[in-house]
Amino acid sequence: MKVAPAIITIGIIAAFAVHGRIAQPAHYNDFADHSALFGIPHAADVLSNAGFALIAICGWLTLRPHRSSDRLRAGWPGYRLFLIGLFLTAFGSAFFHLAPGNGRLTWDMLPIALAGAGLLVGVRGDTQPGSKTNPGSKTNFEAILLGLYATASVAWWVYTDRHGAGDLRPYLLLQVLPLLLIPLWQAIYRAPRTERIAFAAAMGLYVVAKVAEVLDHQIADTLQFVSGHTLKHLLATAATAAIVWGVTRRFSGSGGRKRA
């Protein structure tokens, strides 16, 4: 059972390799939101990113004071990267949506990739046995390594896109792996039930958010008052709130982390 995450990771990488390059959809930057507010174009898509920054700040202020505690030390390097990536997502995505185009898309993709990398490292450090003397040392290295991979995955897309054959596979790997590995790690290593529920809710919300993104124009035409992409931002914000709540809850009340 403990080798399942490695097998799944290798399997996904192999499937991506066999599939060949995955390009950005041709009309990806044609968003349904054309609202304007106080001179801000695409205002709903731009302003709906604010929640990411608020969640990141709340998570940082709650978790950082406990970064050296036994309940967080191993996972903190990953959660730190996740929160930084989440905070930067608010600004990177807002900047992109002010004038959508591949030239700005890098600043939307990079912080999202960093957040995904940080989440993987954080949960892995939280759930798996590590060094008894310095449980954060291994995850510090993993956070740096996956942070570099996240940056390289976006750089690879930029390079291939400029040569007419954009390839999202390395970037998408950081979107897919958390959905599969996090619940598996939590099940294998018997993470606290509350945290498993919180992360399951977050994963579910994220999947619904991606569906809303794909149905951007259809949702806008149906609901009239909100587009699918704006809804995606709100659902993704709720997903990150569930993650942060799941981690910060261990420090509320008795703060115990009872395994289930």
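The largest cavity has a volume of about 40 Å³. The model is predicted, so local features need pLDDT of at least 70 and side-chain atom pairs count only at pLDDT 80 or more, while totals for chains, interfaces and linings use all residues. Residues are numbered from 1 along each chain as its sequence is written, and side-chain values use heavy atoms, with hydrogens and water left out.

**Stop 1: the cavity.** Select Leu 63, Tyr 79, Phe 82, Leu 83, Ile 243, Val 244 and Val 247, which line this cavity. A cavity is a set of points, on a 1 Å grid over the protein atoms alone, where a 1.4 Å probe fits but cannot get out; lining residues have an atom within 4 Å of a point. The volume is the space filled by probe spheres set on the points, which are joined across faces, edges and corners. The count of cavities of 30 Å³ or more is one. Helix H4 (76-98) and helix H10 (228-248) each supply at least two lining residues. Helices are DSSP runs (H or I, at least four residues), numbered from the N terminus. By class, the lining has seven nonpolar, no polar and no charged residues. Ala, Val, Leu, Ile, Met, Phe, Trp, Tyr, Cys and Pro count as nonpolar, Asp, Glu, Lys and Arg as charged, and the others, Gly among them, as polar.

Stop 2: About 970 Å³ of space lies in the largest pocket. Select Gln 175, Tyr 206, Lys 210, Glu 213 and Lys 232, the closest to its centre of the 45 lining residues. A pocket is an open set of points with protein on both sides within 12 Å along at least five of seven lines. Elements giving two or more residues to this lining include helix H7 (169-188) and helix H8 (193-214). The lining divides into 26 nonpolar, 13 polar and six charged residues.

**Stop 3: the nonpolar patch.** Select Ile 57, Leu 61, Ile 84, Phe 87, Leu 88 and Phe 91, which make a nonpolar surface patch of about 550 Å². Such patches join nonpolar side chains (Val, Leu, Ile, Met, Phe, Trp, Tyr) within 5 Å, from residues with over 30% relative accessible area and no salt bridge. A salt bridge is a side-chain nitrogen of Lys or Arg within 4 Å of a carboxyl oxygen of Asp or Glu. Areas come from the Shrake-Rupley method with a 1.4 Å probe. H4 gives the largest share, four residues. Leu 88, in H4, counts as partly exposed because its relative accessibility is 39% (between the limits of under 20% for buried and over 50% for exposed).

**Stop 4: Ala 56.** Finally, select Ala 56 in helix H3. Ala 56 counts as buried, at 3% relative accessibility. The C-alpha atoms of Ala 56 and Trp 245 are separated by 11 Å, although these residues are 189 residues apart along the chain.

Conventions:
Patches are made of residues with over 30% relative accessible area and no salt bridge: like charges are joined within 9 Å, nonpolar side chains (Val, Leu, Ile, Met, Phe, Trp, Tyr) within 5 Å. Buried means under 20% relative accessible area, exposed over 50%, partly exposed in between (1.4 Å probe, protein chains only).
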